[in-house]
Amino acid sequence: MKLNTAAKKIKSERGASITFALLIFLVCAVVGSIVLSAATASAGRLNKLAESDRRYYSVSSAAELIVEALDGKEVVISGDRDDVTTTVTTYKVNADGSVEVDGPSVVTGPVSGTPGNVSLTQTGDADSLLCLATKKLVFGNNNQAASNDYFWDSTYSPGALVTNNDVISDLELSHQRGADTLSELQVDIDVKITEKRLHLILKNHASADEAVYTIELFFTPAYNTIISKSSNTQTAIDNTLMPAKFKETVTLTETYTKTTTVYWSLSEIKKGQ
Amino acid sequence: MKAAVRKGLKAAKLKILSNGGETLTEVLVSLLIAGLALAMFAGMIQASINIVDSSEAKMQEYYTANNNLALKTIPEATGGTVSLTKGTDIYNLFPGSSGVDVDYFVNDKLGGVEVMSYERELP
C-alpha cells in the first residue's frame, strides 16, 4: 500500500515549490533567531559580570583594610588601685631631751582605695574599633564603675563575660572622594563575638533584590595580664601634745598598676555569596 | 458549519488528487521567498558573529583592566577617604585618625558599571 503511494508520488506532476520555500523560510527564521539570541544573551552577561565584580572588589578591599587595621594589633587595658597603710607612733620626750617610743605603734591597713577608672587604648587612642571590641569582650555590658571593680576582682577573666553571638555594633564603611560618596562601594559590617572571637561580617550595601557578597573575618585575642607595684611614704608629725609627747604618722601608699594586653590576630576568613 | 467543513475537505481532496503543475509565477515567488529566507539567515549569522567578536574584544579589554585592578597597578589621580561609622559616630580604624586615606583603582571598560577597588595610601 505504502509502496503504491510512493510510486504515485514519484509519478505525480503536482508542484510543491511554495511549500518548500515556506519551509526553508521557517527553518532559516528559527535557526537564525536562536543563533542571534544566543549571541545577544552572551553579550548581555557582561554587565552582570561587572556588577558581580564590583561587589567582590568593594567587599574584598574593605576586608583587606580591616585586616590591615586589626591583625597583629594590641589593646592595652590599664587601671590603678592604692592600698594605704597608716602607722601612728607616739613618742615621749624625756626631761633630758631624749626621745623614746611611748607604747606600741598603731597600724591601720592596708586599706584598699577605690580603683581608678580602667582605660582601654590602642597606641594611645581610645576610640578605635579594636578598643570597642576589646571593651565588649572583656567587660561585657558593664558600665565604667562596674568595670573598675571587676578589673580588680578575683573573678576577673578576660572573655568570661561575653556570650556567643553577642552583638557589638552594626557599622558602615563609607567613602568620600571629593563630593562623591561612592555609595556603590559602601560596605556594611556586623561586628559581634562568636566563640570568644571577634567576628566581622562584611557585605556590600544592597537593596532587597540585589545580590550580596560576604566576607567573614575572625580575630582571636591573646591575653597577658601583669601587675606592678610602686610605693610612696609620707610622714606627718602631730605636735599638739608637746612638750611631753608627739605623734608621728607614717602613711605608706602602695600603688598597684594592673595591665592586660590583648593581642589580636586573624584566625579565619570565610567567603560566600 | 458542518457543510463548510465538508466543502473544505472536498476542496482538499481535489487538490491532493490533482495532477496539475505550478505556474512560472509560483516558481518565481517560491524562489524569491527562499532567497529572502537565506539572505535573512546569512544576515543573522553575520550579526551574531559581529556580536561575539565585539563581546570577545570587550571581554579582553575588561580582563586586562581587571588584572590591573587586582594587582593595584594604576591608581586614579583622585584618592579619597574611608570612614567607619555608625550613624553620626565615627570609629577609628587606625589609631589617631577618623578617616583612612585610600587610593582607588578603577575598571570602567564595560561602560555603565565601574568596578572599583581601593587600598590604604602609604602613611
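Let's start where the two chains meet: chain B puts 58 residues into the contact and chain A puts in 56, with contact meaning heavy atoms within 4.5 Å. Before I go on, this is a predicted model, so local features need pLDDT of at least 70 and side-chain atom pairs count only at pLDDT 80 or more, while totals for chains, interfaces and linings use all residues. As for bookkeeping, residues are numbered from 1 along each chain as its sequence is written, chains are lettered from A and ligands numbered from 1 in the order in which they are written, and side-chain values use heavy atoms, leaving out hydrogens and water.

Back to the interface. The area buried between chain B and chain A is about 4900 Å², and carbon and sulfur atoms give 66% of that. Buried area here is the accessible area, with a 1.4 Å probe, that two parts lose on being put together, summed over both. On the chain B side, B:Leu93, B:Met116 and B:Tyr118 lose the most area to chain A, together 13% of what that side buries.

Now the polar side of things. The rule finds 17 residue pairs in polar contact across the interface, both residues at pLDDT 80 or more. A polar contact is a pair of N or O atoms within 3.5 Å; within protein, one must be able to donate a hydrogen and the other to accept it, and residues adjacent in sequence count only if both atoms are side-chain atoms.

Which elements of chain B give two or more residues to the side that touches chain A? They are helix 1 (2–17), helix 2 (24–71), strand 1 (80–86), strand 3 (99–107) and strand 4 (115–120). Helix 2 gives the most, with 23 residues. Helices (H or I, at least four residues) and strands (E, at least two) are DSSP runs, numbered from the N terminus. By type, that side of chain B divides into 31 nonpolar, 18 polar and nine charged residues. For the record, Ala, Val, Leu, Ile, Met, Phe, Trp, Tyr, Cys and Pro count as nonpolar, Asp, Glu, Lys and Arg as charged, and the others, Gly among them, as polar.

The chains also share strand pairing. Strand 5 of chain A, residues 166–176, pairs with strand 1 of chain B in the antiparallel sense over five bridges; strands pair if DSSP finds at least two bridges between them.

On to charges. Side chains of opposite charge can pair when their charged atoms come close. The working rule for a salt bridge is a side-chain nitrogen of Lys or Arg within 4 Å of a carboxyl oxygen of Asp or Glu. Over all chains there are 10 salt bridges, and the count between chain B and chain A is three.

One example is A:Glu68 with B:Arg120, where the closest N and O atoms are 3.4 Å apart. Another is A:Arg177 with B:Glu76, at 2.5 Å. A:Arg177 lies in the loop between strand 5 and strand 6 (187–194) of chain A and B:Glu76 in the loop between helix 2 and strand 1 of chain B, so this pair joins two chains. Are these two residues buried or exposed, or something in between? A:Arg177 counts as buried at 15% relative accessibility, while B:Glu76 is partly exposed at 32%. The cut-offs are under 20% relative accessible area for buried, over 50% for exposed, and partly exposed in between (1.4 Å probe, protein chains only). A:Arg177 and B:Glu76 are also linked with A:Asp180 in a network of salt bridges.

Within chain A, A:Asp102 and A:Lys245 meet in a salt bridge at 2.9 Å, N to O. This pair links distant parts of the chain, 143 residues apart: A:Asp102 is in the loop between strand 2 (99–101) and strand 3 (106–112), and A:Lys245 is in strand 9 (residues 245–272). A:Asp102 is partly exposed at 26%, and A:Lys245 is partly exposed at 32%.

Last stop, A:Thr89. This residue sits in strand 1 of chain A and is buried, at 7% relative accessibility. Its side chain makes a polar contact of 2.8 Å with that of A:Ser105. Leaving aside residues up to four places away in sequence, A:Thr89 touches A:Val101, A:Ser105, A:Phe246, A:Lys247 and A:Glu248.
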